[in-house]
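Morning, everyone. Let me put the model on the screen, and then we'll walk through it.

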Amino acid sequence: MKLAERMQRIGNETAFDVLVRARALEAKGRSVVHLEIGEPDFPTPPHIVEAAKQALDEGWTHYGPTQGLPELRSVIAQHVSQTRRIDVGPEHVCVVPGGKPILFFPMLALLEPGDEVIYPNPGFPIYESMIQFLGARPVPIPLIEERSFSFDLNVLRDQLSDRTRMLILNSPQNPTGGVIPAEDIEEIASLVAERDLIVLSDEIYSRIYYTAESPVSIASLPGMKEKTIILDGFSKTYAMTGWRIGYGVMPEWLVDAVNKLMVNSNSCTASFTQRAAISALTGPQDEVEDMVQEFRRRRDAFCAALNQVPGFRCAIPGGAFYAFANVKLTGVPSHELADLLLNEAGVACLDGGGFGKYGEGYLRFSYANSIENLMEAANRIQAISRTWANG
Ligand SMILES: Cc1ncc(COP(=O)(O)O)c(C=O)c1O
């Protein structure tokens with residue numbers, strides 16, 4: 001029995017591979033600082049955990065509506081209406097197990113073989129994986145380090161065609177930590193306003209930013225709500241990666257298709273998890289704010305330390321919890337450097353090339369780790385930099 005041909009086109013997330021390799025080294029007694037995986041190192045806030053326990057006790061242990069509990073969809077609609085300054089209702093909200101299904105389902109529902117999809121490169125690897133899996137045509141747009149890792153808008157303008165069916169945006173961004181400036185979002189909206197395409201706006205890091213103004217959602221711009229799918233969720237904001245809950249906010253005509261894909265795959269998102277999510281959005285937000293403050297402190301300290309390493313140059317990211325260091329001046333290809341740091345220095349990070357060809361020459365470090373561990377990692381990298389600094 002052989003696998004279906006389409007399985008040759010599906011990709012992977014290198015973070016999970018590097019984690020396995022790092023754990024194998026640890027099993028042999030080696031010490032590794034983990035800066036590879038993209039999840040907050042904080043516990044889920046206790047009142048959210050309590051809400052889940054209470055929900056279990058109350059019997060929220062059965063199937064629920066495919067689209068999500070009405071109460072949660074209302075709370076999400078209010079939250080998104082407030083934060084994006086748009087008017088959406090529970091009928092626009094689909095609750096799903098994590099943010100990822102809001103890539104999987106809408107792409108599955110909308111893309112035909114040969115359709116073109118524009119997406120950021122370097123970018124979250126699942127975008128390219130899904131585009132190729134579905135037989136659509138990937139159209140990567142380079143992100144420009146000097147522009148806070150925003151798109152090269154000229155390339156975007158040139159690459160838009162009559163076959164472009166979808167444009168994927170991600171701000172704050174993985175892997176660069178870039179936040180797309182408001183004026184770029186306006187320009188992008190004006191470029192796509194008259195086109196027959198849909199924007200998939202991945203806003204999973206929407207609450208984790210260090211800029212004075214919150215990141216602008218393209219859905220907030222006039223006429224754009226009708227052609228935007230917002231992806232957001234609880235994984236990053238509330239340190240709930242393992243709970244598997246996220247949501248999409250989309251035009252109503254698409255909701256039924258997403259529900260059908262949901263009923264064919266998951267039936268519904270876990271009911272007690274949804275009760276906990278209500279508590280996350282309606283309860284105190286101090287822990288989210290404290291977490292972001294702590295990420296800011298780590299960002300400042302870690303990026304400053306990376307900038308001391310010979311051959312490293314690290315722009316100060318505006319959001320998420322990733323430092324994306326340009327390592328071209330080391331003269332070592334970034335995939336080799338990532339291996340060297342893991343095997344010789346005990347620092348697990350990711351090769352930028354794993355996020356697409358324009359990520360080559362960069363390394364991604366997740367600073368969702370204690371300041372002590374981050375400083376230890378920086379010291380280890382500094383110590384091993386003799387390898388390349390002395391040629
Ligand atoms: C840009 C981006 N989008 C979506 C996701 C998926 O989030 P979830 O774990 O909620 O599925 C991630 C997770 O790393 C991400 O970095």
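Let's start at A239. This residue is buried, because its relative accessible area is 9%. For the cut-offs: buried means under 20% relative accessible area, exposed means over 50%, and partly exposed is in between, with a 1.4 Å probe and protein chains only. A239 lies in the loop between β8 and β9 (246-249). Its phi is near 50 degrees, a positive value in a residue other than glycine.

A word on provenance. This is a predicted model, so local features need pLDDT of at least 70 and side-chain atom pairs count only at pLDDT 80 or more, while totals for chains, interfaces and linings use all residues. Residues are numbered from 1 along each chain as its sequence is written, and side-chain values use heavy atoms, with hydrogens and water left out. Helices (H or I, at least four residues) and strands (E, at least two) are DSSP runs, numbered from the N terminus.

Back to phi. R85 also has a positive value, near 50 degrees, and is not a glycine. R85 sits in the loop between α3 and β2 (93-96). Buried or exposed? R85 is exposed, because its relative accessible area is 68%.

Next, the cis peptide bonds. One joins N121 and P122, with omega at about 5 degrees. P122 is in the loop between β3 (116-121) and α5 (125-133). Another joins N174 and P175, with omega at about 15 degrees. P175 is in the loop between β6 and α7 (182-192).

Now charges. Side chains of opposite charge can pair when their charged atoms come close. The cut-off here: a salt bridge is a side-chain nitrogen of Lys or Arg within 4 Å of a carboxyl oxygen of Asp or Glu. How many salt bridges does the structure hold? It holds 19.

Take D232 and R84. They form a salt bridge, with the closest N and O atoms 2.8 Å apart. The pair links distant parts of the chain. D232 is in strand β8 (residues 228-233), R84 is in helix α3 (residues 70-84), and 148 residues separate them. D232 counts as buried, because its relative accessibility is 2%. R84 is buried too, at 4% relative accessible area.

Over to helix α10 (residues 286-306). R297 and E294 are three residues apart there, so about one helical turn separates them. Their side chains meet in a salt bridge, at 3.0 Å from N to O. R297 counts as partly exposed, at 46% relative accessibility. E294 is buried, at 18% relative accessible area.

D300 and R299 form another salt bridge, with the closest N and O atoms 3.0 Å apart. D300 counts as partly exposed, at 36%. R299 is buried, at 9%. There is also a network: D41, E294, R297 and R298 are joined by salt bridges that share partners.

Everything is on a 1 Å grid over the protein atoms alone. A cavity is a set of points where a 1.4 Å probe fits but cannot get out. A pocket is an open set with protein on both sides within 12 Å along at least five of seven lines. Lining residues have an atom within 4 Å of a point. Points are joined across faces, edges and corners, and a volume is the space filled by probe spheres set on the points.

The largest pocket holds about 650 Å³ of space. Its lining has 36 residues, and E13, F16, G38, K236 and T241 lie nearest its centre. The elements giving two or more residues to that lining are α1, α5 and β14 (362-366). Which one gives the largest share? That is α1, with five residues. By type, the lining of the largest pocket divides into 16 nonpolar, 10 polar and 10 charged. In this scheme, Ala, Val, Leu, Ile, Met, Phe, Trp, Tyr, Cys and Pro are nonpolar, Asp, Glu, Lys and Arg are charged, and the others, Gly among them, are polar.

Now the cavities. There are three of 30 Å³ or more. The largest cavity has a volume of about 60 Å³. Its lining includes P120, F149 and Q173. β5 (150-151) and β6 (164-170) each supply at least two of the lining residues. The lining of the largest cavity has seven nonpolar residues, four polar and no charged.

That's the tour. Questions, please.
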